[in-house]
Amino acid sequence: MTDKKLTTASGRPVADDQNSLTAGPRGPVLIEDYILHEKMAHFNRERIPERIVHAKGSGAFGKFTVTHDLTAFTKAKLFSEVGKETKVMVRFSTVGGEKGSADTERDPRGFAVKFYTEDGNWDLVGNNTPVFFIKDAYKFSDFIHTQKRDPKTNCKNAAMMWDFWSLNPESLHQVLIVMTNRGTPYSYRHMHGFSSHTLSFINSKNERFWVKFHFITQQGIKNFTDDEAAEMRGKDPDFAQRDLVEAIEKGDFPRWALKVQVMPEKDADTYEINPFDLTKVWPHADYPLQDLGIMELNQVPSNYFAFVEQAAFAPAHIVDGIGFSPDKMLQGRILSYPDAQRYRLGVNYEQLPVNRCPYAVNNYQRDGSMALGDNGGDAPNYFPNSFDSPAPDPSYAEPPRKLSESMIDRYDRNAPGENDHYTQPGNLFRLLSEEEKRHTIHNIVASMKGITGPRREEIINRQLCHFFRADLTLGTGVARGLEISIDLGRFATV
Ligand code: HEM
């Protein structure tokens, strides 16, 4: 017998939690049994909206340790000295599936890291891929609709996906990555993570550098083949969740080396690749990886809902010494995440334990649904005031950013200089081993075979053109797999 008393939500000890209060042994139940009502009513409200994307995920706490001095590039306090440790919370996810979907679907994987720094929380909200399907936030909701369910059949629909991809050739680089076996990682521990976007570093002299972040798995890359992933979806849909929990619980803490590519601010004006184009990588030969630190995950959260489901990551969360870039997708994301989280979790979501900055948070935001804590107590709720209350500190100002002489307009992603959607995907394909090439072609063919409907031929032909333009072997392999006889002359001129 425990001496801990069961209580109602308001703290009243409960005498009996198993038998309804009834008139006589056979009922009916009395309306005054408000404890029964409270129990049922709370249960009815257990679900909150799932994330509109990345709904299925796994999380863990850990630490980040600086191993190399990069203070020449950034004054961010979390990187201020070798050996410095910062607590982190990481959430991995798939993208398109619902909260109950299988972990081994072919999809990019989300790789979101919250660093609890003394200058506020810094969120690096990336994927396991260095690029993305699109490069303008306008396209995000359209793209995601194609990854979700068909509005009529309520099933996934390969025709929607390939229709969108074939009409948006800038997606080719990411499509190819997701169609390699990296699209079905064995577990979250066995994949890299990337900021994908270009962000910026600012040093103590207020000099700006453009930067891309890479988390390199220390467990080694390990992937499922298409068939293995399909088998695992049936056998254990929560395989990646289980793998992460079990590894950490037995002390086999997963680790990633954090590395950066750093580009001096001025290079952006002359570099042959638009450094703010999310569909492109910076070749390492141009901007080599530099070591920065090690991230280790060592604690499974004690409660999934409290610490993983309620976790809110946002590209808007940067800290002194780290800044944004003009990347159009990043700019869209800066607005989108806090908006989604106000809807999903409520306006005071930053006050939830997993999201709350463990250091001082001082502002004049008050009230709102579910204001936790003392809501600012009796301190002034306006600024400026005469009471020695929190005030802005100009030393945190970012250096001004130069704007080239530009016209406000809606610039086409296919404009000259922005329309090479083929060189990098082609180079990537040519870098694959023969076995990886075979797998990739197999995976593409398996997926494209799912295209049905009146536009089937048109969609397949359009996408084939993109594969041919990237690499002849790739195009030929996919066409053969789909049993399409090809007139190479035709594709040579597209
Ligand atoms: C989650 C929007 C592009 C990585 C989300 C969420 C939204 C969103 C609304 C759910 C947030 C929540 O409810 O907490 C967008 C928009 C994009 C975009 C509008 C493009 C304009 C990207 C890109 C990446 C990415 C390019 C990776 C480089 C993630 C990750 C999560 C996420 C990892 C899950 C975070 C978590 O674990 O809670 N996105 N997204 N997204 N997004 Fe994006």
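A residue is buried if 20 or more other C-beta atoms lie within 10 Å of its own, exposed if 12 or fewer, and partly exposed in between, with C-beta atoms placed from the backbone.

**Ground rules.** I'm working with a predicted model, in which local features need pLDDT of at least 70, side-chain atom pairs count only at pLDDT 80 or more, and totals for chains, interfaces and linings use all residues. Residues are numbered from 1 along each chain as its sequence is written.

**Entry 1: Tyr337.** I started with tyrosine 337, which counts as buried because it has 20 C-beta neighbours inside 10 Å. I found tyrosine 337 in helix α9. Helices (H or I, at least four residues) and strands (E, at least two) are DSSP runs, numbered from the N terminus. Leaving out residues up to four places away in sequence, tyrosine 337 touches Phe313, Ala314, Pro315 and Ala316. Contact here means that the two C-beta atoms, placed from the backbone, lie within 7 Å.

**Entry 2: the ligand.** Which residues come nearest to the ligand? Of the 27 around it, they are His54, Arg91, Gly110, Ala137 and Ala340. A residue is near a molecule or strand if its C-beta atom, placed from the backbone, lies within 6 Å of it. I then checked which elements give two or more residues to this shell, and they are β2, β3, β4 and α9 (328–345). The largest share, 8 residues, comes from α9. By type, the shell divides into 13 nonpolar, 10 polar and 4 charged residues.

Entry 3: For "active site", UniProt lists His54 and Asn127 in an unreviewed entry. Although spread over 74 residues of sequence, they cluster in space, with a largest C-alpha distance of 10.5 Å.

I looked up His54 and found it in the loop between α1 (34–44) and β1 (57–66). Histidine 54 has 22 C-beta neighbours inside 10 Å, so it counts as buried. Not counting residues up to four places away in sequence, histidine 54 touches Ser93, Val95 and Gly110.

Asparagine 127 sits in strand β4. Asparagine 127 is buried too, because 26 other C-beta atoms lie within 10 Å. With residues up to four places away in sequence set aside, its contacts include Gly110, Phe111 and Ser196.

**Entry 4: strand β3.** Next I followed β3. All 9 of the 9 residues of β3 (residues 109–117) are buried, so the strand is largely enclosed by the rest of the structure. Arg109, Phe111, Val113, Phe115 and Thr117 point one way, while Gly110, Ala112, Lys114 and Tyr116 point the other way.

What are the partners of β3? Strand β2 (residues 85–94) pairs with β3 in the antiparallel sense over 7 bridges, and strand β4 (residues 120–127) pairs with β3 in the antiparallel sense over 8 bridges. Two strands pair if DSSP finds at least two bridges between them. I spotted threonine 94 opposite arginine 109, and glycine 110 opposite asparagine 127. β3 and β4 form a hairpin with 2 residues between them.

**Entry 5: helix α4.** Is α4 (residues 172–179) mostly covered or mostly open? It is mostly covered, with 8 of its 8 residues buried. What covers them includes α3 (158–167), α10 (423–431), α11 (434–448) and α12 (456–470).

Entry 6: I found a cis peptide bond joining glycine 27 and proline 28, with omega about 5 degrees. Another cis peptide bond joins phenylalanine 383 and proline 384, with omega about 0 degrees. Proline 384 is in the loop between α9 and α10.

Serine 196 has a phi near 60 degrees, a positive value in a residue other than glycine. Serine 196 lies in the loop between β5 (193–194) and β6 (199–202). I marked serine 196 as buried because 27 other C-beta atoms lie within 10 Å.

Key: Nonpolar A, V, L, I, M, F, W, Y, C, P; charged D, E, K, R; others polar. UniProt positions renumbered as here; feature names shortened; annotations may be inferred.
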